[in-house]
Amino acid sequence: MRWPAVKSGGLGVVAMTYVAVDYLRILSPTWHERLQPVLWSLLALVAVTRIPFYRHWSAEFRAAIFFLASMIFMLSALLFEACTVRFVTVVLGLNWHNGRPPLPDTGQWLLLALNEKLPEAVVEILRAHIIGLHHYLMLFIMLAFSVLFESVKAPGLGLGARYMFTMAVGRLLRAVTFASTILPSARPWCASSRYSIPGHPHRWAQKYYVPYASDANAIRQVIEWDIAYVDTVNYTADYRPDWGSMSFLIDFLRPNTSEGSSWYSLLKKAGGGCNDLVYSGHMFVAVLTAMAWMEAYGGFSSVLIWLLVMHSAQREVRERHHYSVDCVVAIYVGILLWKMTGFIWSAKGGTGDSRLTKLGKIQGRLLQAAKDSDMDEVRELLKDVELGNQESPKQGPSKVMWLFASGTIFFSLTIVILAFTWTSDG
């Protein structure tokens, strides 16, 4: 991957300041409580004051429809993922979770070996909770808002649309992947400590999995016959609440009497599940943020963000939230998916291509002016090419654009607050 040209560096300083201030929650909670509101208030105030000077509201307006469509697509993907997480957690029952040891993970072995070899200070840095999921989301939001300062190519809503669209595609692929083969958690106590789920398997698992789970002869026979030949008519029944039109979800979510009567409240408790979910969702978000930052802004701050991504990856394995394979797959899937969605927004081309197009249109007039030695005409034509992709500075934004600008900033700040609140616990 080629690193983009270095920018002025202001955005990178702000981003690293945000990460450092938030890390004070561990080093000095008192200073964290003082400085974090000041930092966020200052950033919001500076962003709002830039609204009258932003010249690309028409481009933002054109990108708004795809931005909203991408948001709806992403929310739908997250809802599907939540249903799938719940399904793989409950389908085999609590007894299966309690009786399954973690898979052997050479990445975990490597980290434990490094703990014995590396200096204690280095090991403590590797263990430190420097950055989490909500930090990566905030870093991307900072990146998108930086269009107000011309640090990133407009439109910011186009960049946001690409981020959410890529996120949605990645989440759908992830849900299909971990639902295909159910793997045990790296934390065997997870299910019993977090969920109140039936101890026995679902009737589908009772028929198609349990009789052939451990007996080698039964496995050989089901391969040879290619049919579920064991008679399992007497299934253990499950609790079935009345969910009306959503009752088709009962077999997938397997509600319990203690978990309430609403399917939606059940999904909100799904969290990260208690199976190994290939690939890591946290790492996927981190990689998308790093890819967006590298393409849109570049510079040394991109290197620092990739180092934070690597730190997050080893922590996911070290703390056994995921196996090593989950982090490795999340990294290359995130990179590949981001590369594939450049048709939505790209830092490359765009302005330069349109300038070449406009230059081609005035080529004849430019040559004639040069032959006539009319330098004033040459300067005017070149100035038109330079300003061809910018909104006219002589004509201020219309009332509609002012309303759109105000609504966009209010909506974006609301998203910032909600994202920070809903993901602050990781």
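This is a predicted model: local features need pLDDT of at least 70, side-chain atom pairs count only at pLDDT 80 or more; totals for chains, interfaces and linings use all residues.

Me: How many helices and strands does the protein chain have?

Reply: The protein chain contains 20 helices and two strands. Of its 426 residues, 44% are buried. The accessible surface is about 22,800 Å², and carbon and sulfur atoms account for 65% of that area.

Me: What share of the contacts with a separation of 6 or more joins residues 24 or more positions apart?

Reply: Such pairs make up 81% of those contacts in the protein chain.

Me: How is the span of a helix to be read, and what does H3 reach from its first C-alpha to its last?

Reply: One compares the end-to-end distance with the span expected at 1.5 Å a residue. H3, with 34 residues, reaches 48 Å, close to the expected 50 Å.

Me: Which residues have the most contacts inside the largest nonpolar core?

Reply: A core is a set of buried nonpolar residues joined through side-chain atoms within 4.5 Å. Here the largest one has 70 residues, and Leu139 and Leu143 have the most contacts inside it. Several helices supply at least two residues each, including H1, H3, H7 and H16. H14 gives the largest share, 12 residues.

Me: Which residues does Leu139 touch, beyond those up to four places away in sequence?

Reply: Leu139 touches Ala15, Tyr18, Val19, Ile131, Thr289 and Trp293.

Key: Residues are numbered from 1 along each chain as its sequence is written. Side-chain values use heavy atoms; hydrogens and water are left out. Buried means under 20% relative accessible area, exposed over 50%, partly exposed in between (1.4 Å probe, protein chains only). Helices (H or I, at least four residues) and strands (E, at least two) are DSSP runs, numbered from the N terminus. Contact means heavy atoms within 4.5 Å. Accessible areas come from the Shrake-Rupley method with a 1.4 Å probe; for residues, only the protein chains shown count as cover. The expected span of a helix is 1.5 Å times one less than its number of residues.
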